[in-house]
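Here are some notes to read alongside the model, written for someone opening it for the first time. Have the viewer ready and click along.

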Amino acid sequence: MLIRKDLKTGEKMKVVIDDKEVVVAYLGARNYVAFSARCTHLGCDLNEVGVIVGDEVVCQCHYSRFSLKDGKVLRGPAKKGLEIFDIKDLGEYIEVVKRGT
């Protein structure tokens, strides 16, 4: 669970959910996104080298682009998509959970 004040607009942080590293980013206006922390191409850390552009995350290692809506690869070299997590708004807190739970 994260406290809202931990992230400012445009910031991201890595957390562990069910033994998986997950990046949580605050887009502003109470909008959060959460996705697997490793690029599926060569495993680059998206908390360190990932850049959010609109509704995509771009891995700066080799410029794979992924949809933040469903995790699909929008441009390679990555072939496999990212896992996207749901955010539950609990008032002062947010909770990151596996999609569909």
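Which residue forms a salt bridge with Glu 21, the closest N and O atoms being 3.8 Å apart? Point 2 has the answer.

1. A word on the ground rules. This is a predicted model, where local features need pLDDT of at least 70 and side-chain atom pairs count only at pLDDT 80 or more, while totals for chains, interfaces and linings use all residues. Residues are numbered from 1 along each chain as its sequence is written, and side-chain values use heavy atoms, with hydrogens and water left out.

2. The partner is Lys 14: its salt bridge with Glu 21 has the closest N and O atoms 3.8 Å apart. A salt bridge here is a side-chain nitrogen of Lys or Arg within 4 Å of a carboxyl oxygen of Asp or Glu. Glu 21 has a relative accessible area of 34% and is partly exposed, and Lys 14, with 29%, is partly exposed too. (Buried means under 20% relative accessible area, exposed over 50%, and partly exposed in between, using a 1.4 Å probe and protein chains only.)

3. Glu 21 also forms a salt bridge with Arg 38, with 3.3 Å between the closest N and O atoms. Glu 21 sits in strand β3 (residues 20-28) and Arg 38 in the loop between β4 (31-36) and α1, so this pair ties together parts that are 17 residues apart in sequence. Helices (H or I, at least four residues) and strands (E, at least two) are DSSP runs, numbered from the N terminus. Arg 38 comes out as partly exposed at 38% relative accessibility.

4. The structure holds nine salt bridges, and another one to look at joins the side chains of Lys 69 and Asp 55 (3.3 Å, N to O). Lys 69 is in the loop between β7 (65-67) and β8 (73-75) and Asp 55 in the loop between β5 (50-53) and β6 (56-59), so the pair ties together parts 14 residues apart in sequence. Lys 69 counts as exposed at 57% relative accessibility, whereas Asp 55 is partly exposed at 36%.

5. Now the cysteines. There is one disulfide in the structure, a disulfide being a pair of cysteine sulfur atoms within 2.5 Å. Cys 44 and Cys 61 form it, with their sulfur atoms 2.2 Å apart. The torsion about their S-S bond is about -115°, so the disulfide is left-handed. Cys 44 is in the loop between β4 and α1 and Cys 61 in the loop between β6 and β7, so the pair links distant parts of the chain, 17 residues apart. Cys 44 is buried at 16%, while Cys 61 is partly exposed at 29%.

6. Cys 39 is buried at 4% relative accessible area, and Cys 59 is buried at 1%.

7. Last stop, Arg 65 in strand β7. Its side chain joins that of Glu 56 in a polar contact of 2.7 Å; such a contact is a pair of N or O atoms within 3.5 Å, and within protein one must be able to donate a hydrogen and the other to accept it, with residues adjacent in sequence counting only if both atoms are side-chain atoms. Arg 65 is partly exposed at 22%.
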